[in-house]
Amino acid sequence: MKNSTRKLQIIHVDMDAFYASIEQRDNPDLRGKPVVVGGRPNSRGVASTCSYEARKYGIRSAMPLTEARRRCPHAVFLPVDMPKYAKVSSQIHRIFQDYTPIIEPISLDEAFLDVTDSTRLFGSAHIIALEIKERIKKELDLTASVGLAPNKFLAKIASDIQKPDGFVMLTEEEIQDFLDPLPVEKIWGVGPKTAEKLHMLHIKTIRELKALDQVTLRNHFGTAGSQLYYLARGIDNRPVETEREAKSIGRETTFPQDLSDTEVLQTFILDLSADVARKLRKESLKAKTISLKVRFADFRTVSRSKTLDSYTSLDQDIYAQANYLFQELRLSQPVRLIGVSVHNLVPEESQQSLFETANPEKEKLAKTMDTIKERFGENSITLARLLNLYSKEKE
Ligand code: TTP
Ligand code: MG
């Protein structure tokens, strides 16, 4: 069968109230009770997650713990036990590996599985999805919500729609009826900002989104607009990428002390962007997707990505995007680690990158600077801002 006509079978698994369910499993006294994981209620931290019993009181992930206690004073508050959750996560992954090697972990409790080629061995994707869900229950005493669909976008929505303990299978014929009534916020990648913009255009549901043509969407949302056009129609060609395949170049720094000064953080982002860009040039590669990773004081980690219109290996392009993503995050607590990475890489001389290069002159200059640095040392030329930082340190 040709690749383009091959129907994929993608499973998305997302554990229910992950950290809180593990705590309830390990301590029967907590079962059926509102449990908030994140720390002591009088500390300055935020909730990592909470049990479904606690959600009835309006408690949510990322809510300040003081607010969580106000909403539910009798809730049990527990600290985050990362090593314990990471261990459970690897147990879940071992179950996945019995069914397919094509696994893309999204976080500790969430992953995509491409089981298209496993169906011959196990009968059907439906059987595989159900078996995974049942084994997680039986072997780990935890519940997962599972979605099965022809692509990642649909599988993710499917796993979410019947949470907790959900199981939703979507066939080609059901896709549009399933999508149409959903609010646009359900689309993976539509954050509060995009949602707000769509609402201003009087678009609340996926059905309404379908009324906009591709050009209009591009005008309003850039490249993300084209993606919205296809997602609204249930079309998503992104492959399930195993960690090994998802090639990227990245640098990150953990600070000796948590930082909250925006300007200092931006200087680190600039420094990391310059490192990443230089590595790209050294390997004769260019990138189209820039990602920023931020780990907060409470160990919560967020990653944001942006795909450009053209390929680049320039410090300033990578910094501009990483900094944009940083500003969009709107810091609410100190930062422990910051990282910049690039994905979607192509060789510098490939057709793709030759056609889609925005600044050939600047690239030549960057390469000249790399050569000078190699000959005369790191600090021989540097961006003005970094220079400032160096001189501040010396003062
Ligand atoms: P989620 O899958 O988003 O949440 P959940 O598993 O607790 O609940 P459900 O999927 O049933 O809605 O995140 C998985 C874990 O990641 C979660 O248990 C705790 C952690 N987490 C944070 O630490 N901070 C956050 O803001 C979020 C959203 C999750
Ligand atoms: Mg979850």
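User: Hi! Which residues hold the magnesium ion (ligand 2)?
Analyst: Hello! In this predicted model, Asp14 (OD), Met15 (O) and Asp109 (OD) coordinate the magnesium ion (ligand 2), at 2.0 to 2.2 Å.

User: Thanks. How are those donor residues spaced in sequence?
Analyst: The pattern for the magnesium ion (ligand 2) is D-M-x93-D.

User: And what is the arrangement of the donor atoms around the magnesium ion?
Analyst: It is octahedral, because the six donor atoms subtend angles of 83 to 176°. As background, the ideal angles for six octahedral donors are 90 or 180 degrees.

User: Is Asp14 buried or exposed? What about Met15?
Analyst: Asp14 is buried, since its relative accessible area is 13% and the cut-off for buried is under 20%. Met15 also counts as buried, with a relative accessibility of 2%.

User: New topic: helix H4. How many residues does H4 have, and what should they span?
Analyst: Helix H4 covers residues 82-97, which is 16 residues, and at 1.5 Å a residue they should span 22 Å. The C-alpha atoms at the ends of H4 are 22 Å apart, so the two values agree.

User: Nice. Which residues of H4 are buried?
Analyst: The buried ones in H4 are Tyr85, Val88, Ser89, Ile92, His93, Ile95 and Phe96. These residues are on the same side of H4, because they cover an arc of only 150° around the axis.

User: Which residues are exposed on the other side of H4?
Analyst: Over there you can find Pro83 and Lys87, which are exposed.

User: And what covers the buried residues of H4?
Analyst: Both strands and helices take part. The strands include E1 (10-15), E2 (35-37), E5 (103-107) and E6 (110-114). The helices include H1 (18-26) and H6 (125-140).

User: Let's switch to salt bridges. How many are there in the whole structure?
Analyst: A search of the whole structure gives 22 salt bridges. One of them is between the side chains of Glu23 and Lys84, at 3.2 Å from N to O. Glu23 lies in helix H1 and Lys84 in helix H4, so this pair ties together parts that are 61 residues apart in sequence.

User: How accessible are Glu23 and Lys84?
Analyst: Glu23 is buried, with a relative accessible area of 10%. Lys84 counts as partly exposed, at 23% relative accessibility.

User: What does Lys186 pair with?
Analyst: The side chain of Lys186 meets that of Asp160 in a salt bridge, at 3.0 Å from N to O. Lys186 lies in the loop between helix H8 (175-179) and helix H9 (192-200), while Asp160 is in helix H7 (residues 152-161), so the pair ties together parts that are 26 residues apart in sequence. Lys186 is partly exposed, with a relative accessible area of 33%, and Asp160 is partly exposed, also with 33%.

User: What about Lys193? Which residue is its salt-bridge partner?
Analyst: Lys193 forms a salt bridge with Glu328, and their closest N and O atoms are 3.5 Å apart. This pair links distant parts of the chain, with Lys193 in helix H9 and Glu328 in helix H14 (residues 315-329), 135 residues apart. Lys193 is partly exposed at 44% relative accessible area, and Glu328 is partly exposed at 30%.

User: Last one! Which residues do salt bridges with shared partners join into one network?
Analyst: That network is made up of Glu23, Arg25, Asp26 and Lys84.

Note on methods. Residues numbered from 1 in each chain as written. Chains lettered and ligands numbered in written order. Predicted model: local features only at pLDDT ≥ 70, side-chain atom pairs only at ≥ 80, totals over all residues. Heavy atoms only, no water. Donors = N, O, S within 2.8 Å, 3.2 Å for Na, K, Ca; no water. Tetrahedral: all angles 85-135°; square planar, octahedral: opposite > 155°, others 65-115°. Buried < 20%, exposed > 50% of the residue type's maximum accessible area, 1.4 Å probe, protein only. Helix = DSSP H or I, 4+ residues; strand = E, 2+ residues; numbered from the N terminus. Expected span 1.5 Å × (residues − 1). Arc of directions from axis to C-beta. Contact = heavy atoms within 4.5 Å. Salt bridge = Lys/Arg side-chain N within 4 Å of Asp/Glu carboxyl O.
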